[in-house]
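Please keep the model open alongside it.

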Amino acid sequence: MWADTDDLAKPLEEFAALHGRTLRSSSTKPIDLSYPNPRAGRDDRAFTQLRELVRDLDQDDLQYTPFGGGTLVRRRVAEAMNRRYALRLRHRDVVLTPGATAALSVTFAALFRPGDEILVVTPCWMDYPLYLRRSGLTMVEVPSGPGKRLDLDGLRAACGPRTAGVVISQPACPTGVLHSAAEIRGLADVLHECERRFGRALTLVSDEAHRDVIWDGRPVSLPMQVHPGTVSVYSYGKAWSLQGQRVGYLALGPGLDDRATDIERAMRSTGFAAPTALMQHLVMRIADWEPQHESLGDDQRWIRARLSDAGYDVVPAQGTAFVYVRCPEGVDDTEFVRRLAGLGVLAMPSSLFHEPGYFRLALNTTRPQLVVAAQRLDQALNR
Amino acid sequence: MPQDVGAVVEKFVRSAGQVSDDDPHFDRRVDLIEMGYLDSVGVVELLAYVAAEFGLGIDEETWAMMDPLSIDQVAATIRAGRDAT
């Protein structure tokens, strides 16, 4: 059965092979800007709390919790979201998950039916299509518009009688574009219009894994504030550079308040269960905190200006650690990423994100390393 | 001076449920389980606390019948139990 997903699984596996070969190469001292595992400029307050927790907790504190997570921590997360975004979530509307990936997978499995069509704004995070297909859902790609912003007309045109949901990311992965309040309002209007036209409620899945990685200071507008049938997906790991600890949640908007049991059953039947008890204790402590990204902002502004000066077409953005850049005219993204690897810079080709012609850099290292990477990117352009 | 039973129960619930002082939804009438202020462990701890603090053994059926399971209901049950003795 896994063979059914070969075409979706292989591109990343092929990139992983290139990644491994490049890192083993001794000639170039490669700089790895592919995966977003930050090695510099991290806000370490959550990690410090984790250290203290390990010291403070006893074995009784590390026992099983319900499938959706402990009641008190779910309430703490709901309260934090309510305070920040003027929502009215209850603890049952929040389901703790082992990272945003599990939240997405469980959402697709629990809230849609096989055969449903799901509109996905592209470029998008690499594994939405994999998860959708595993749940028997049909993905309909809706390319983003100029500047990689939401194409509301395109979404309206793609809606049909079998459409059951829409997937966006806010801010967008891999581009880093933060959708404005007006764009989010416009999206809600389009969904409402489609709901009336086809007589079917539409669920908006808003992947907010990078919600707390906004480096230009703009406020984040949440789709849940304007579309009641929204699922918000979040990752504490992304926010606090603890990705490997896999802790996040999904929150159900008021239009989905009767679906919490479906989600909890999906958690159970997929075997995901809640995050570890240790990480739930951490969330209890940090739910109200916001990570600082000052050095990321400095690096983003610097490298964007540097690459633009060199002649690259950089997609303007406001969030995430990513820089999304157009490949030189006539050069395929996979070919260009191989060229970069040969020069000692590891980047991800946009084909992984279901769009040709671009590459993605993850700013995960120090400024001196970024300076060297920029010099190598100059060479790639001039070849 | 008579003991304010509701205040004693509230103090316990605020501590066990880690309820912040400025929580706008918390009061003595809300259902503590429905609103997520106590989990199943917290309810067992509350039962044990009532027994220790007020010298009252409230049977399981009485607990199960409380609807809502609020601070006011718990306090009323404690007062009724005291009066009966």
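Q: How much space lies in the second largest pocket of this predicted model?
A: A pocket here is found on a 1 Å grid over the protein atoms alone, as an open set of points with protein on both sides within 12 Å along at least five of seven lines, where lining residues have an atom within 4 Å of a point. Grid points are joined across faces, edges and corners, and the volume is the space filled by probe spheres set on the points. For the second largest pocket this comes to about 600 Å³.

Q: Which residues are closest to the centre of the second largest pocket?
A: The model is predicted, with local features needing pLDDT of at least 70 and side-chain atom pairs counting only at pLDDT 80 or more, while totals for chains, interfaces and linings use all residues. Residues are numbered from 1 along each chain as its sequence is written, chains are lettered from A and ligands numbered from 1 in the order in which they are written, and side-chain values use heavy atoms, with hydrogens and water left out. Of the 27 residues in the lining, those closest to the centre are Pro36(A), Thr101(A), Trp125(A), Lys238(A) and Arg246(A).

Q: Which helix gives the largest share of the lining of the second largest pocket?
A: Helices are DSSP runs of H or I with at least four residues, strands are runs of E with at least two, and both are numbered from the N terminus. α4 (99–111) and α8 (236–239) of chain A each supply at least two residues of this lining. The largest share, 4 residues, comes from α4(A).

Q: Which helix gives the most to the lining of the largest pocket?
A: The largest pocket has a volume of about 1000 Å³, and among its 40 lining residues Thr65(A), Gly70(A), Thr71(A), Leu72(A) and Asp39(B) lie nearest its centre. α3 (71–85), α9 (260–270) and α10 (277–286) of chain A, together with α2 (40–54) of chain B, each supply at least two residues of the lining. With 6 residues, the most comes from α2(B).

Q: How many residues of strand β5 of chain A are buried?
A: Buried means under 20% relative accessible area, exposed over 50% and partly exposed in between, with a 1.4 Å probe and protein chains only. Strand β5 (residues 163–169) of chain A is largely enclosed by the rest of the structure, because its buried residues number 7 of the 7.

Q: What is the handedness of the crossover from β5(A) to β6(A)?
A: Two strands pair if DSSP finds at least two bridges between them, and β5(A) pairs with strand β6 (residues 203–207) of chain A in the parallel sense over 5 bridges. The chain crosses between these strands through helix α7 (residues 181–198) of chain A. A crossover is right-handed if, with the strands pointing away from the viewer, the path from the first strand over the helix to the second runs clockwise, and this β-α-β crossover is right-handed.

Q: Is Glu195(A) buried or exposed?
A: Glu195(A) has its place in helix α7 of chain A, and its C-alpha is 9.4 Å from that of Ala164(A), 31 residues apart in sequence. At 18% relative accessibility, Glu195(A) counts as buried.

Notes. On a 1 Å grid over the protein atoms alone, a cavity is a set of points where a 1.4 Å probe fits but cannot get out, and a pocket is an open set with protein on both sides within 12 Å along at least five of seven lines; lining residues have an atom within 4 Å of a point.
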